[in-house]
Amino acid sequence: MNGLKDAHKQAAMLVTFFITVRLCENGVYAVHVTTILGDKINLNCLTNQSPKEITLVKWSRSITAASQDIASYNADYGLFKFFKDDRLTVSSYNGTCLQIQPVYLTDEGNYTCEITAFTGIFRDHFSLSVLVPPTISLSVNSLPNGLKNVHCIASKGKPAATITWKENTFGNLTHILVDNVDGTVTVESQYHTAINLTEQEQTCIVNHPAFNATQNLTISLGDNTKMMSPQIKFILITCASAMAVVGTVLLVIWIMKKKMKKIAKPERRKQVQVFEDRIYQNVHDMKMSQYSIQIR
């Protein structure tokens with residue numbers, strides 16, 4: 001599982017990549033740009049105009065059929081942002097680069113850079129797509145008659161992840177896709193074993209464009225004790241050792257107390273005997289005194 005976490009970190013650190021092929025969308029050519037959720041993206045408005053010839057640069061974003069202004073840069077008045085969002089900044093001294101950091105899924109859409117210069121108006125169009133790496137989990141459940149049901153889940157990925165299994169002829173598969181309200185997709189694949197597999201393993205293979213490599217997760221189909229992680233085993237062994245030490249200490253204390261009681265009992269009897277001897281001696285002395293008086 002640690003390897004899976006490292007893979008997620010690497011995926012989040014991937015540099016944004018550009019598909020340089022220009023796509024035609026409604027008669028307008030746009031540069032298709034793809035980035036990963038949480039990454040940084042720079043949209044560079046290309047122009048052959050000299051900075052001294054540029055009088056105005058305006059950035060806008062298309063939302064459905066409407067267009068929303070993001071920011072503008074005026075050679076005389078400087079930068080102006082149409083709404084407050086610290087994630088959006090216009091860099092370069094003439095405002096020809098729009099930076100978004102970090103990128104949200106809601107930032108997906110079409111962006112336009114409009115440059116007004118002395119020689120005319122020039123526009124660049126960008127189509128931004130955001131990839132969301134899914135969260136992967138793998139588990140196994142025991143079914144009646146010793147059968148096994150393995151669940152491999154790729155949660156909230158965009159686009160939907162592809163799940164396959166290591167080649168095995170002893171089971172059958174079931175795939176479930178769930179569309180989430182945020183535009184992501186959860187894919188669940190279940191592997192059902194047809195026989196009782198006690199010593200074998202099964203591997204779930206997950207592919208997604210946000211991963212820099214295929215993710216392989218392996219789980220044992222044997223006893224649940226074999227599927228415990230080393231951390232859990234260490235905790236259980238430590239707790240058992242601590243309980244054994246505490247039990248030994250308590251046993252030693254109990255034995256010592258018992259021995260002390262045995263040692264203390266003869267002393268008490270001796271003291272009682274001495275006390276009784278003294279009483280007897282006093283009575284004897286009194287009788288002798290009375291006897292001597294009578295003789296006199």
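Trainee: How many salt bridges does a search of the whole structure find?
Mentor: The search finds four, a salt bridge being a side-chain nitrogen of Lys or Arg within 4 Å of a carboxyl oxygen of Asp or Glu. Keep in mind that this is a predicted model, where local features need pLDDT of at least 70, side-chain atom pairs count only at pLDDT 80 or more, and totals for chains, interfaces and linings use all residues. Residues are numbered from 1 along each chain as its sequence is written, and side-chain values use heavy atoms, with hydrogens and water left out.

Trainee: What makes the meeting of the D107 and R87 side chains a salt bridge?
Mentor: N and O are 2.7 Å apart, and the cut-off is 4 Å, so the pair qualifies. Behind the rule sits a plain idea: side chains of opposite charge can pair when their charged atoms come close.

Trainee: Which parts does the D107 and R87 pair tie together?
Mentor: D107 is in the loop between β8 and β9, and R87 in the loop between β6 and β7, so parts 20 residues apart in sequence get tied together. Strands here are DSSP runs of E with at least two residues, helices are runs of H or I with at least four, and both are numbered from the N terminus.

Trainee: Why is R87 called buried?
Mentor: Buried means under 20% relative accessible area, exposed means over 50%, and partly exposed is in between, using a 1.4 Å probe and protein chains only. R87 comes out at 11%, so it is buried. D107 has 5%, so it is buried as well.

Trainee: Which residues is R87 in contact with, leaving aside its neighbours within four places in sequence?
Mentor: With contact meaning heavy atoms within 4.5 Å, the list is Q99, I100, Q101, P102, V103, Y104 and D107.

Trainee: What lies 2.8 Å from a polar atom of the side chain of R87?
Mentor: That's the backbone oxygen of P102. A polar contact is a pair of N or O atoms within 3.5 Å; within protein, one must be able to donate a hydrogen and the other to accept it, and residues adjacent in sequence count only if both atoms are side-chain atoms.

Trainee: What about R123 and E114: how far apart are the closest N and O atoms?
Mentor: They are 2.9 Å apart, and R123 forms a salt bridge with E114. At 48%, R123 is partly exposed, whereas E114, at 18%, is buried. Elsewhere, salt bridges that share partners join D85, R87 and D107 into one network.

Trainee: Why is β9 called largely enclosed by the rest of the structure?
Mentor: Because seven of the nine residues of β9 (residues 109–117) are buried.

Trainee: How do you know that β9 and β10 pair?
Mentor: Two strands pair if DSSP finds at least two bridges between them, and these two have nine, in the antiparallel sense, so they pass. I115 has F122 in β10 as its bridge partner, and the two strands form a hairpin with two residues between them. On β4 (residues 54–63), eight bridges join that strand to β9, again antiparallel, and L56 has T116 as its partner in β9.
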